[in-house]
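The points are numbered for reference.

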Amino acid sequence: MNLRWTLIFPMLAATAFAEFSPLSIHPEGFGMPLAEMGARERGMGEAGMAALSSQGYFLPNPSRSAFFDRTSFIATLETDLDWLRDDNTSNRMTSAAVPTIATAVKTRKFGALGLHFQQAFQRRFSLSTSDSGVNREFAYEGGLYLLGFSWAYSPVPFLALGFAENLALGRDRIIETATFPSSIPPENESLTGDTLEMRHSGSFPAFSLTVHTRLIDAALAYTLATDFDTHRERRITGMASNPMASESHSWPSTAALGLAWRATARQTLALDFSTVGWKGDSVINRSYKTGLGYEWRGSGNPYEDYYKRMAFRAGLGQEILYLQAIPEYFGTMGVGLPLGPRGHTLDISVKVGHRSFNGNTFFSEDYVKLSASVVGVGVWGQPVRKRH
């Protein structure tokens, strides 16, 4: 199957539906990215890289976990509702994902040791088009998953260093189905499963540091670019064809800066900026993202009234996406709910955004993303206090 990728955007004028926007179909990328953070940071305009807490997880900055006072566990659920419109149609679609499961085990002498699973990208898109009576449908699906470990260590009280190694595994399927009219051979026959399957594998390191002062915290993070091995296989109606040549697939480098100002003992303002660059690619542009967030934290006293222990968050941001320099604007709100007296929390956030493209064809997408993170704390790896 040889798809003419340069014709993809004009084809969007045909009937289409998407979970994560038409950008997810582009073969040079991996689909639309999922959140690299928990619901706490998402509720703060996705701007919490340097907003220190005693628990949680922020994948681009594992050094933050060196300041945790206990072992932390986090699991995040994300659901998405999209309204996608082009020149002729309007579609609505929902989806769900579990983008992050992670732990950071706090030790007494060796810092924080972390393990994480993250669904970094999700690709799911379908469209239909008709040309000279031939009805064709294209379906694109897949994802990229990261398995990794991290280490964070604070050599002095005001500085923490972090390192993470990530193993990436991905799988994409591009499926074409065609129905031919009686006037065109093969008469009244259908091509029911022309499928191109691609599997990606590779690894890459990431580095970060966090500076902690009395009023202001700052964080830097950098992820190295690399090339993944990509193996391709084609099937036609369930029958495998001859092996196809393997190729490489670029993983981009990422640089991020975060600042956080503790305006009072319970209030934090956060500002994040990040950029993603794809190595040696003339199609995909460098992307940019800026987020601004606010958090008001409740009391840590477990005997206070429940509403006094809650946390409230809000934020806004802008992103220039990697394909066609498409702009995206979003706003967020969030709340932190304490779960019992031991420090466990349930963080919930809502993100509302808009993106649009006015090139060869027009599309506009509005979406609402709901995120929930369960964060637990424990004392694994720490010495047990003896009783006398």
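1. Basis. This is a predicted model, in which local features need pLDDT of at least 70, side-chain atom pairs count only at pLDDT 80 or more, and totals for chains, interfaces and linings use all residues. Residues are numbered from 1 along each chain as its sequence is written, and side-chain values use heavy atoms, with hydrogens and water left out.

2. Count. A salt bridge is taken as a side-chain nitrogen of Lys or Arg within 4 Å of a carboxyl oxygen of Asp or Glu. The count under this rule is 20 salt bridges.

3. E46 and K289. These side chains form a salt bridge with an N to O distance of 2.2 Å. The pair joins distant parts of the chain, 243 residues apart: E46 lies in the loop between α2 (39-43) and β3 (71-86), and K289 in strand β15 (residues 287-296). Helices (H or I, at least four residues) and strands (E, at least two) are DSSP runs, numbered from the N terminus. E46 is buried at 5% relative accessible area, and K289 is buried at 18%. Buried denotes under 20% relative accessible area, exposed over 50%, and partly exposed in between (1.4 Å probe, protein chains only).

4. Network. Salt bridges link E46 and K289 in a network with R42, E78, E328, K351, R355 and E365.

5. R40 and E41. A salt bridge connects these side chains at 3.2 Å, N to O. Both R40 and E41 are buried.

6. R297 and E295. The closest N and O atoms of this salt bridge are 3.4 Å apart. R297 is partly exposed at 22% relative accessibility, whereas E295 is buried at 1% relative accessible area.
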